[in-house]
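Work through the exercises below with the sequence and the 3D structure open. Try each task before reading its solution.

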Amino acid sequence: MAVLRVKFTKTKRDKLAQVLWILNWISVITGVILFSLGLFLKVEINKRKELMADRDIQYVPNMLIAVGLIACGINFLGGKICYDCVDTTKFLRWKLIMLPYIVCTFFFTSCILVGALMCYSMRGELEESLDLGLAAALKFYKDTDTPGRCFLKRTVDMLQIEFRCCGNEGYKDWFRIQWISNRYLDMSHKEVLDRLRSNVEGKYLQDGVPFSCCNVDSPRPCIQSRISNNSAHYNYDHVTEQLNLWPRGCRHALLDHYTHIMQSIGLTVLVIWVFELSVLTGVRYLQTALENVLRLGDPDSESDGWLLENSFMETARINLNIIKNLGKCNQVDTASNGDPNINVPCTSTATYGPDNLPPKPQPKTS
Amino acid sequence: MENTEIHVVPNILLMVGLASIGTNWIASRVCQDSLDMSRFPRWKGLLLAWFAVATLLCCLLVTVVILSYALQGRLEESLKIGLRNGIRFYKDTDVPGRCFQKETIDRLQMEFRCCGNNNYKDWFEVQWVSNRYLDFTSKDVKDRIRSNVDGRYLLDGVPFSCCNPGSPRPCLQNHLTDNHAHYNYEYQSEDLNLFNRGCRQALTDYYMGLMNSTGPGVLSVILIQVSVILSLRYLQTAVEGAMASENPEDDSVGYLLEKGLKDTFEDIKSKAQDLLKLAQVDPTTGEACPEAEDEKANNGTDKAASPTPTS
């Protein structure tokens, strides 16, 4: 009642071992690809660190980097094992390691899947981080004389030029903050004083935007100040004028940029996951086929390979029993009247015999 | 750019690159066949032509290196005229054929961090705001238009693409020469507000940088080609010497030129003269009048006898 039983002749086994050796080496390369994808994402996020608020988004590239490195190691070991599997005598030294190796690799491939899914789930956190980060950056745009913030103006300007965006959600964000430093305001001028008095916090607010919001494709020289005032400029209607400033908000632009990167990375990681899973299946078949050959005694004979020896339910039951008996091993058996001096033999690692059923509970002798 | 003369440099490089794929592939076949005595002779006739072509390619490469430095002046001129036109037609976003000049110049200034042709003052001499966006009833506009002969709207302002993002101050684009128009502003000492470089200088630097970085590559390719030509010549002469001698397995001598340089030159000169004389004798006999043919036939033997001692 094995799961997906396949017959293997000697030549088939040898060929499988060789193919798996090559595939494992390809998997080492895909591990390197995973590592470099993680590194790339980390670099991209760090490039715009100043515009992101402190949020937990570094875990995604870190996970990809770790998974990539581990994949290289595991597949390197897998390559060595498969190379030795062609020769039955060399297989003997890997026999005991192979099953734990397969179990570990199985859990590791699920880590790869988790990594791929995390790439898609990161978007929400990223949006929040960008929203808060950009709001702060716009607020500190004018503080070019404050240490730690002096390059924020240049960063925001270059961002708006490069990503063709203006403000957080739109250009109107600039109307709500003071983006001209007090050093460049003539406090004796009436207009300046009026504007400062016009709001509660004493900020110099105006309906103008920095030059970096100007749209290069506009047929008209850029209108940056008195944007909402139609009569301030000739032949101008701010409601219908689409091309004067960049239409998008920078949060939207940056989110699109990162989502695009993460979707491509997520897709690549999914493909790598499928590839790793198939390599793992091959290794499992090879392991079971070789173990059966050893059991039959004749190294050149045919043997069966399978994924699981019994059906899923049987295997689950057997493993649960093993775990339960492991637990019993450490507990004192109450059938001996709680006397710790009586030696109760551990039945947890006993072989089950040819019919593969757990033994019926034996009456304990006190 | 005004003209495309500078295109000769990359065009030659492309041509030489493609041609050398062919010549070097032939050279590799020749070398492979030189190991086998029976197959080498079929290349004999081709080799002279190959040497000529390969030497020509090397000379072309050397020309490219020289040209890339010599054409710098022409490149600068071309850029100067082209940029001047671009700045002049900046405002003509409604004229077909010129509607993208504004976008091109804006992108150029932002990408190369430059302003105007030589510097930002070039924008003061040109009307860069289109008449469609000027209110001709306004006094200020009328004053400005009347202030110059051509009736252009000139102002001491620059487009937004001249603004330097690295400036600590929000960009000042208008009334640049008026210190009182802006608070705490002195245009003589303000150097971070706009980009300082002219676009012509920026573009020339960029292109010369490109050509300087490809220079070492081209020089190394020339060296490799020359060494290939010389080695193939040695191989050819050595193999021919071995084939000519009785024992092909024996040592043979390889050389670049059979005789000394001067002698080889004399040889080639005399061969060329022979070829020319051969070409000259035939037309003169062809033009001879049919009446004088008999006379010529009588004197033909004498004529044939006389040139031979002197050649």
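**Exercise 1. Find which residues Gln236(B) touches, leaving out residues up to four places away in sequence.**

Solution. Step 1: apply the contact rule, heavy atoms within 4.5 Å. Leaving out residues up to four places away in sequence, Gln236(B) touches Phe40(B), Leu47(B) and Phe51(B).

Step 1: Gln236(B) is in helix α6 (residues 199-244) of chain B. Helices (H or I, at least four residues) and strands (E, at least two) are DSSP runs, numbered from the N terminus.

Step 2: look for a polar contact. This is a pair of N or O atoms within 3.5 Å; within protein, one must be able to donate a hydrogen and the other to accept it, and residues adjacent in sequence count only if both atoms are side-chain atoms. The side chain of Gln236(B) makes such a contact with the side chain of Arg233(B), at 2.9 Å.

Step 3: classify the exposure. Buried means under 20% relative accessible area, exposed over 50%, and partly exposed in between (1.4 Å probe, protein chains only). Gln236(B) has a relative accessible area of 9%, so Gln236(B) is buried.

**A note on the model**

This is a predicted model: local features need pLDDT of at least 70, side-chain atom pairs count only at pLDDT 80 or more, and totals for chains, interfaces and linings use all residues. Residues are numbered from 1 along each chain as its sequence is written, chains are lettered from A and ligands numbered from 1 in the order in which they are written, and side-chain values use heavy atoms, with hydrogens and water left out.

**Exercise 2. State how confident the prediction of chain A is.**

Solution. Step 1: pLDDT is the predictor's confidence in each residue, from 0 to 100. Its mean over chain A is 86, and 89% of the residues of chain A reach 70 or more.

Step 1: within chain A, confidence is lowest in helix α8 (residues 312-330), at a mean of 82, and highest in helix α5 (residues 152-163), at 94.

**Exercise 3. Describe the aromatic pairs of the structure.**

Solution. Step 1: rings of Phe, Tyr and Trp (its six-membered ring) pair if their centres lie within 6.5 Å; planes under 30 degrees apart count as stacked, over 60 as edge-to-face and the rest as tilted. Over all chains, the search gives 15 aromatic pairs.

Step 1: Trp25(A) and Phe76(A) form an edge-to-face pair, with 5.4 Å centre to centre and 85 degrees between the planes. This pair links distant parts of the chain, 51 residues apart: Trp25(A) is in helix α1 (residues 10-47) of chain A and Phe76(A) in helix α2 (residues 59-84) of chain A.

Step 2: Trp25(A) has 37% relative accessibility and therefore counts as partly exposed. Phe76(A), at 42%, is therefore partly exposed.

Step 3: Tyr120(B) and Phe124(B) form another edge-to-face pair, at 5.9 Å centre to centre and 70 degrees between the planes. Both Tyr120(B) and Phe124(B) are buried.

**Exercise 4. How many helices and strands does each chain have?**

Solution. Step 1: chain A has eight helices and two strands, in the order β-α-α-α-α-α-α-α-β-α along the sequence.

Step 1: chain B has nine helices and zero strands.

Step 2: In chain A, 42% of the 366 residues are buried; in chain B, 34% of the 311 residues are.
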